[in-house]
Structure formats: structure tokens, C-alpha cells
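This report concerns charged side-chain pairs and helix packing. Please consult the sequence and the structure shown here alongside the text.

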Amino acid sequence: MAVHVILGGARSGKSAYAEQLASASELAVTYIATAQVYDDEFANRIAHHQERRPKDWQLIESPFNLATTLKTQVKENTVVIVDCLTLWLAQCICPDCERPENVSWEQERTDFLNVLSSLKGSIILVSNEVGMGIVPLGEINRQFQDEQGRLNQSVAKLADKVSFIAAGLPLKLKG
């Protein structure tokens, strides 16, 4: 198994870099999209991502139960991109987001981290680095920032490679 975590800020080029790596592998690619569409502007963002991807890539939409999705999709001789961990986290903790009743962030996170190291195949995880700014106002915003930082640290510890993207340029942090 090879896990590559790609971190960076909004519009830094994280997803494009993940897609370049997947294409360069010359393996079959499965793209796991964690986003749910809540408004027209976000639908346009998703459309932009879709237009950029090759048509032969398999798309799986999985806003919840990411561990289960990974178990079924990650195989040897494939590359799986998860884009992105940040939206997955936000949807799991957001009190206004629609989610199944049985979904809790704590269980989602535990299941994901437990399954991650047992998979056979190449996985590229895209995640935002949200801890480089000020501490936000509002309890849910601080919870999100804290949980994102903890998730990124946990995933980076398990990963074989970690890259940080700024202005479209990758910086190798691990591996």
C-alpha cells in the first residue's frame, strides 16, 4: 500500500496535483468525491473538477462511511483519489448538514484511520491545511479547525508520502 497525503490551502492546486500523480501512474483510477452540493456556486466548483478529469476514471460519491467505500474500492494495481478529507469532516460535524442518523464524526474518523493502513493499493488523500490562520470565532468553526488539524496529523503519520501545495507547487514533507 502507498498512501500519499496532499495538503494545502483553498485553490492551491491540491486536486490538480493529485490528478497529475494518478494519471502518471498509468493505473486504473477511482475518484472518491466526498462533497455534497448545497448551492449553485458549489455545483460550479464540482463541475470544474469534473471537466478536468479523464472520462475513463471511475467516480464514487461518498460523503459518509468513507472507510467502507475505501474497503470496496482500493485494490492492487489501482489508484484511488479521495477528494477531499476536509469536506468529509465538515459534513460529519456540521449541525446543519444532511447526514444519516448513524453517522458520528468520532466513529467515521476511527473507522477511516483503522482501515487506511490495511488497504492494498495506492491512495491519494487530498486535505486542506486550515491551521495557518487565526483562531476562528464561533465554537463550530474552532471545532472544525481543531478536528482538521488532528485528522491531518493522524493521516500524515500513517502516510508514506506527504506533500504541501502552495501556488500550484508541491513541497515534499515526507517520503
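## Model and overview

The structure is a predicted model. A search of the whole structure identifies three salt bridges. Side chains of opposite charge can pair when their charged atoms come close.

## A bridge between helices α1 and α2

Arg 52 and Glu 19 form a salt bridge in which the closest N and O atoms are 2.7 Å apart. Because Arg 52 belongs to helix α2 (residues 40-52) and Glu 19 to helix α1 (residues 14-25), the pair ties together parts that are 33 residues apart in sequence.

The accessibility of each partner was also computed. Glu 19 is buried, with a relative accessibility of 6%, whereas Arg 52 is partly exposed, with a relative accessible area of 35%.

Glu 41 is joined to Arg 45 by a salt bridge, with 2.6 Å between the closest N and O atoms. Both residues lie in helix α2, where they are four residues apart and so separated by about one helical turn.

Glu 41 counts as partly exposed at 44% relative accessibility. Arg 45 is likewise partly exposed, with a value of 33%.

In helix α6 (residues 139-158), Glu 147 and Arg 150 are three residues apart, about one turn of the helix. Their side chains meet in a salt bridge with an N to O distance of 3.2 Å.

Glu 147 has a relative accessible area of 16% and is therefore buried, the cut-off being under 20%. Arg 150, at 43%, is partly exposed.

## Packing of helices α5 and α6

Which residues of α5 and α6 meet? On the α5 side they are Trp 105, Arg 109, Phe 112, Leu 113 and Leu 116; on the α6 side they are Glu 147, Arg 150, Leu 151, Ser 154, Val 155 and Leu 158. By class, this contact of α5 with α6 comprises seven nonpolar, one polar and three charged residues.

The axes of α5 (residues 105-116) and α6 come within 10 Å and cross at roughly 15°. Angles under 35 degrees count as roughly parallel, so α5 is roughly parallel to α6. The crossing of these two helices is right-handed.

Terms used. Residues are numbered from 1 along each chain as its sequence is written. This is a predicted model: local features need pLDDT of at least 70, side-chain atom pairs count only at pLDDT 80 or more; totals for chains, interfaces and linings use all residues. Side-chain values use heavy atoms; hydrogens and water are left out. A salt bridge is a side-chain nitrogen of Lys or Arg within 4 Å of a carboxyl oxygen of Asp or Glu. Buried means under 20% relative accessible area, exposed over 50%, partly exposed in between (1.4 Å probe, protein chains only). Axes are lines fitted to C-alpha atoms, for helices over the stretch in contact, and angles run from 0 to 180 degrees between N-to-C directions. Angles under 35 degrees count as roughly parallel, over 145 as roughly antiparallel, 65 to 115 as roughly perpendicular and the rest as oblique. A crossing is left-handed if the near helix is turned anticlockwise from the far one by less than a right angle, and right-handed if clockwise. Contact means heavy atoms within 4.5 Å. Ala, Val, Leu, Ile, Met, Phe, Trp, Tyr, Cys and Pro count as nonpolar, Asp, Glu, Lys and Arg as charged, and the others, Gly among them, as polar.
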